[in-house]
Structures are given as C-alpha cells and as structure tokens.
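Have a look at the structure first, then read on.

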Amino acid sequence: MTGCIVRAVLMCAAGAVLAGLCALPAQGGAGDKRLDIYWIDVEGGGATLIVTPAGESILIDAGMDGGRDPDRIAAVARQAAKIQQIDHLVVTHFDIDHHGGAAEVAKRIPVRKVYDPGGQRGSPDPSYDKYLAFRQTAAYTVLKAGDTIPLRQADGAAKVSLTCLAAAKKFAPPGPAQKPNPIPASESPAYAEDTSENANSTVLLLRFGDFEFLDTADLTGRLEASLVCPVNLAGEVDVFQVGHHGLDLSNNPVLVRSVKPTVTVMNNGHRKGCGPKTRAALKATDSIQANYQLHKNLGPGADNTDEELIANLGPADGCKANHIELHAAPDAASYAVRIPARDHQRAFKTK
Ligand SMILES: [Zn+2]
C-alpha cells in the first residue's frame, strides 16, 4: 500500500461525508463516472485538461511552442487521464503560452474540435501563424460569450456543462437567477485599461452537479471586475484557477472575494506569477481552504503557499513537470485534489 493510499484512507476515515472518495487513486479516463481536471505544468503557461464522466475531453490552452509542453500535455493525457484524443481544444486567447503548443499537441494526440475567441492577434507572431495553419485542419468554432460547448452526459453521474462567460472583451448576459453582487466595483483597486491580447481571454465555467470550476485565463483586473460587478456572472465556485498564472495584473480582490472559491490552483512558473498582490488577495479570501501552485516561485522574497501544496519545487531546468489533478465523485458532492508525484491528496466537500 503506498503512502498516498494510506493517507487517503486516513483522511476518509476522518470525514464520513467524503467516504466515497476512498477508492479514488489510480483510476482515470472514460467509464469511471468521475469528473477529472489536470493542471499540466507548462512552466507558467496554460494547459488545463478536463475529462468528463462520459470520457469526453476538453483541453483549455496548449502551453508554449516547441516540443516540451506538447510532450507534457500528451503524456498527462495518455498516462494519467488515459484518453486517446482531445475532443475539444479551447484556446483562450492568442498569446504564445496558450496557443503556442496547439499544432504540436495535435501531432502527438488527435485534436477533434478547436475553439477560440476569434478576431486577429494584434501584433505579428510566427507561432500565431502556425496556430492559424493548424486551425484550418480542424473543425473550428468561434466561442462567444454566452455559448456552451455541448457535452455528452453519463448515466449515473451528475450533469456536466461548460459555459463561456466572457470572450473578446464581451460578457454573457446575466441569467434570471443571477443577483446583484453585494460587493461593489468601487472596492476594486485601480487597473489601467488593458490593450493587450490578455483582454480577449475566454472565461469558462465548468459545472458538474453542484461542483463549479472557474478558469478566467489571463483576464486582467478591470475586466475581472466587470465579470462579477454589478452582477456576478460566475457565481460562487468550488475551484478557481488563479488568473494569469498568478500575475498581479490579474486576480482583482473583488473577483476572488466574489467567487468565494474553496480551492485555488495557480499555473505559475518558477519565476513567473505568484505575485505579492495575488497572494494577498488569496490570503484575504476567507472561503479558501487550500491554495495550490504548479511551481514554487524561486524569486527572492517570494510568498509561496504551503510547500505541501506545490507540485514542483525546483527550477525549470530538469523539472519533472509534476501535475496537479482533481477528481470529483460521480454525484459531485465531494472532490479530491492530488499531487501524485508528491503523495499528496486532500478531500473537499462541494459547496
Ligand atoms: Zn498566459
């Protein structure tokens, strides 16, 4: 019995409500009726893989150009998630740490459908041209605010849906159940208008029963406030992917406090992200029980989360690219976050 399993059993014994998670380790792929999320280490880029209970896969962003990140993405997809294709690739915006690896990922594992916010990248970028050439070979859809990506449902599992809340600086219209946010936009720090590609970021909300996961990509502070004020389009979520790799241009405290996550995951690098204002916003949000990081920030004086919650402790050179994974039980009432390479697992109750 591995230390990981021993720890998982002990944790489950301590919390009867989470008993359904005791059998979690080692499974993956289609047929297990769980929802799985994998945060793949692409050294401060984006690469988040979701596998639905029906075994359908969604890759949100594809890391950098070159071989490193596509190799890592394909390895996690095949070996950890146990999938043989990417059903949906969402490129959230046209920065190289998000679209850069797409064409090379598709050479390693088939990619069926591609989505992005449309439009054109503002500044020349050879990797963008490579992405456009790849995109022509796939089934392609412009993903607009308010769109949903149709997903298959699995018998015996909670319902799953994936909604685009924002894209290309436009926001989904509020639904009838969405109420005014008691936190006013006036509490937001001042952020300059964002004229960069980050402002076009696609924001995705994944729902699985009561479980909710929010990925705001690289949306920056002023637009983050628009996402939740005056109406909170995202609602309160269980898991929040820390915006923009943890850079301080993003992670407006008004956003973080409004979405009230239980768990956060930062896809930072050993020198990128994990900014002091971001860390302060996370630490000031009472709902958060655990802040995960893909990397320890090795900069002088960096404020990192608990070492136990960090997947990779060293620099990029020689990095083993440990990933973070989440498994939500078929009824979506509970979930576990794991760092398999570090024998870490912690269980959480869905809100
Ligand atoms: Zn980025």
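## The overall build

The protein has 8 helices and 17 strands, both taken as DSSP runs numbered from the N terminus (H or I over at least four residues for helices, E over at least two for strands). Its radius of gyration is 19 Å, close to the 20 Å that the globule rule gives for 351 residues, so the protein is as compact as a globular protein of that length. That radius is taken over C-alpha atoms, and the rule is 2.2 Å times the number of residues to the power 0.38.

Before going further, keep in mind that this is a predicted model: local features need pLDDT of at least 70, side-chain atom pairs count only at pLDDT 80 or more, and totals for chains, interfaces and linings use all residues. Residues are numbered from 1 along each chain as its sequence is written, and side-chain values use heavy atoms, with hydrogens and water left out.

Taken along the principal axes, the C-alpha atoms fill a box of roughly 55 × 45 × 45 Å. Of the 351 residues, 60% are buried (under 20% relative accessible area with a 1.4 Å probe, protein chains only). Look at contacts (heavy atoms within 4.5 Å) with a separation of 6 or more, and 70% of them come from residues 24 or more positions apart.

On charge, there are 36 positive and 39 negative side chains, and the centres of the two sets lie 2 Å apart. Lys and Arg count as positive and Asp and Glu as negative, while His and the chain ends are not counted. Each charge is placed at NZ of Lys, CZ of Arg, CG of Asp or CD of Glu.

## The cysteines

How many disulfides does a search of the whole structure find? It turns up 0, where a disulfide is a pair of cysteine sulfur atoms within 2.5 Å.

## A buried glutamate

Glu 325 sits in strand 15 (residues 324-328). Is this residue buried or exposed? Glu 325 counts as buried, because its relative accessibility is 5%. Arg 338 is 13 residues away along the chain, yet the C-alpha atoms of Glu 325 and Arg 338 are separated by 5.2 Å. Leaving aside neighbours within four places in sequence, Glu 325 is in contact with several residues, including Ile 37, Tyr 38, Trp 39, Ala 80 and Arg 338.

Technical notes. Buried means under 20% relative accessible area, exposed over 50%, partly exposed in between (1.4 Å probe, protein chains only).
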